[in-house]
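Student: Can we go through this structure together? I would like to ask about strands, rings and a few single residues.

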Amino acid sequence: MTAAVGNGSPGSGHEVARALRGMAQATRRAFLGMAALAMLATAPGTLRADDPEGVEPESSFIVVFAGRTGESGSEVWSTRRTTGSTFLVADIRPGSQGSNPGPFWNMGDGTALFMADDGTHGRELWVTDGGTARLVGDLSPGAQSSQIHSSRLKVIRGGLAIFGLCSFYCDDAEAWVSWGGGAWPLKDESGEQVRFTDLFAREVEQRVAPVDTNRFVMAAESPGYRDQLWLLEGRSGADARATPILDRDGDPIQGPRQFTPLGDGTVLFFAFQWKSGPALWITDGTPRGTRIVRKDFPGVSSQLHLHRLTSPRPGFAVFLTGAIGGDDWAVWSTDGTRAGTRRARVVPGSSGGLWNFAVLNDEWILFQLSNGNLWFTNGQREGTGISFRADRLISLTPIGFDAALFAYPHPRRTAGGPLHGFEPWVVKGNPPRPQLLRNIDRRIDDDGKHRGSLDDIPFEVTVLSPGFAVFPASDGQEGRDIWFTNIGAATTRKVRELSNIAGAQIIDGTFGPLGGGSAAFTMWTYDGVTWNYPQIWMTDGSRGGTRALCKGVYGSAFTPLGAFGEASEERAPAAPAPAAEPGQTCDD
């Protein structure tokens, strides 16, 4: 593939790309269709610790989402929070079938990329700024689709994205870059197409990390180089280029993974060489600045046994080692030097592997092995220990304010019997320790078992602002309702009775951040005769701020995105006229 598509820069005049076979990967759809949200040009509001109901005034921002009405199929809609106006951005595929837009990728420059099918070009890449929408390019000419899965496109800098494009749901894809509403195939120094391989094991979002504003390291290959370390450079899609990074002896560095920027212009990663085996590496994007940090890890015989390389603060990283099928794990810390890479403590584990992992703040990390125990670590021996002896802990979610939420059974026991009834818990402190957040469902069965507000439902926590979050739960009176927690003020309360609104039911898997200190979710409603289309709702943690996002516009299975990447110093060229004039507005 040698042609580029779109108009990434004024007067670029790139030809439409030659034929590419589209991926046929299925996009997640709910019972009545698909919806997705992406926040654009966000200026988040800030919740106040002294006022659990309050949100600081927020500047204007736009949310685009996929919605449908009773007359049309799923299309791109937009809402402006400050004015309250919600309208159809583009009727890409008129009629009841709709273009089914999504997933959305926030480009961090006031635009979002998304996939849609206009009925002519197949499912292709589109761009919107919340007021207009247009086709980026017919990457697979004709009606054949180029479905790009959500984890196969990554925004690597404001306005610049890299993605994998291949035939059907494949394990091998061509590397492309997108900038300013255009798309270009990524080539190496010899003009050969750069590719991503083994995508089932490592998606594109795991393969690229920034060294600085315009340089990125990635794992890729071309005809002359197998899966190895590369440097991606360029301020835009048109001038992007890829160069393999060899070690000082000119040998390839194979299978790089778990890229972790240290915040000082270097990136840590794990990789393999035939002469040295698996090792921890560091690079500044140059051959001279690429070297092994450490390669001898007691009990580790394979690169696959190095886990969760994470940098909680600049110049410092933590990772785990553990042999698959073995029992002992270990916590390590590193500053990017051989002398500064030390084993903090051996952790008794199990062959089941790692279940939960979360960065609590710039000091503490939490992890849970399959034997159930929740551990904390700051990378030091004396700072590594058991936070909670648990066997059924689920959904560990950091929410800021040095705290994380999780679901765990209520501590009530019945005559020495097992724990019963899942409730929300919080883990915080120095070192982090757990406590029951609130006993929401206080019902006790006839046999003495505590039922639990989170029994048989997912614990979907959405952070509104650091230390403030909402989640669905049931107090046993009706169905699920929205609950709000303020960690700083130690308050947890019901936001609004939703379960008594025309038989409303919150749909599992639809919670997510909406931006500006709010969250979105989707509900079914029942009028006593029929179930209506799902309707998108929003909440800011207050009763008055929990409402339908747009009456008369419905959606389901949306994928909301927060601010993505850093603001671009050089704003991408504006999109041309929309593919279709904005249509109907929202029913208030």
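This is a predicted model: local features need pLDDT of at least 70, side-chain atom pairs count only at pLDDT 80 or more; totals for chains, interfaces and linings use all residues.

Student: How many bridges join E26 to E27?

Tutor: There are 6 bridges between E27 and strand E26, residues 328-334, and the two run antiparallel. Two strands count as paired if DSSP finds at least two bridges between them.

Student: Which sheet order do they belong to?

Tutor: The order is E24-E25-E26-E27, an open sheet of 4 strands with antiparallel pairing. Its edge strands are E24 (306-313) and E27 (342-348), each of which pairs on one side only. On average, neighbouring strands of this sheet are turned by 20 degrees against each other, direction ignored. For such angles, axes are lines fitted to C-alpha atoms (for helices, over the stretch in contact), and angles run from 0 to 180 degrees between N-to-C directions.

Student: What holds strands of a sheet together in general?

Tutor: Strands of a sheet pair through backbone hydrogen bonds, either parallel or antiparallel.

Student: Which residues sit on which side of E43?

Tutor: Gln535, Trp537 and Thr539 are on one side, Ile536 and Met538 on the other, and all are buried, so both faces are covered. In a regular strand the side chains alternate between the two faces of the sheet.

Student: What does E43 pair with?

Tutor: Strand E42 (residues 519-524) is joined to E43 by 5 bridges and runs antiparallel to it. In that pairing, Phe521 has Trp537 as its bridge partner. E43 also pairs with strand E44 (residues 547-548) in the antiparallel sense, over 2 bridges, and there Met538 is the bridge partner of Arg547.

Student: Now rings. How many aromatic pairs are there?

Tutor: A search of the whole structure finds 19. One of them is Phe104 with Phe114, a stacked pair at 5.2 Å centre to centre with 25 degrees between the planes. Rings of Phe, Tyr and Trp (its six-membered ring) pair if their centres lie within 6.5 Å; planes under 30 degrees apart count as stacked, over 60 as edge-to-face and the rest as tilted.

Student: Where do Phe104 and Phe114 lie, and are they buried or exposed?

Tutor: Phe104 is in strand E7 (residues 104-106) and Phe114 in strand E8 (residues 112-117), so the pair ties together parts 10 residues apart in sequence. Phe104 is buried at 1% relative accessible area, and Phe114 is buried at 0%.

Student: And why is the pair of Phe297 and Trp332 edge-to-face?

Tutor: Their planes are at 80 degrees, with ring centres 5.1 Å apart, so the pair counts as edge-to-face. Phe297 is in the loop between strand E23 (291-294) and E24, while Trp332 is in E26, 35 residues apart. Both Phe297 and Trp332 are buried. Ring pairs also link Phe270, Phe297, Phe319 and Trp332 into a cluster.

Student: Last topic, single residues. Where is Thr334, and what does its side chain join?

Tutor: Thr334 is found in strand E26 and is buried, with a relative accessible area of 0%. A polar contact of 2.7 Å joins its side chain to that of Thr341. A polar contact is a pair of N or O atoms within 3.5 Å; within protein, one must be able to donate a hydrogen and the other to accept it, and residues adjacent in sequence count only if both atoms are side-chain atoms.

Student: What about Lys275, where is that?

Tutor: Lys275 is in the loop between strand E21 (267-273) and strand E22 (277-283), and at 47% relative accessibility Lys275 counts as partly exposed. Leaving aside neighbours within four places in sequence, Lys275 is in contact (heavy atoms within 4.5 Å) with Asp247, Asp249 and Asp251.

Key. Residues are numbered from 1 along each chain as its sequence is written. Side-chain values use heavy atoms; hydrogens and water are left out. Buried means under 20% relative accessible area, exposed over 50%, partly exposed in between (1.4 Å probe, protein chains only).
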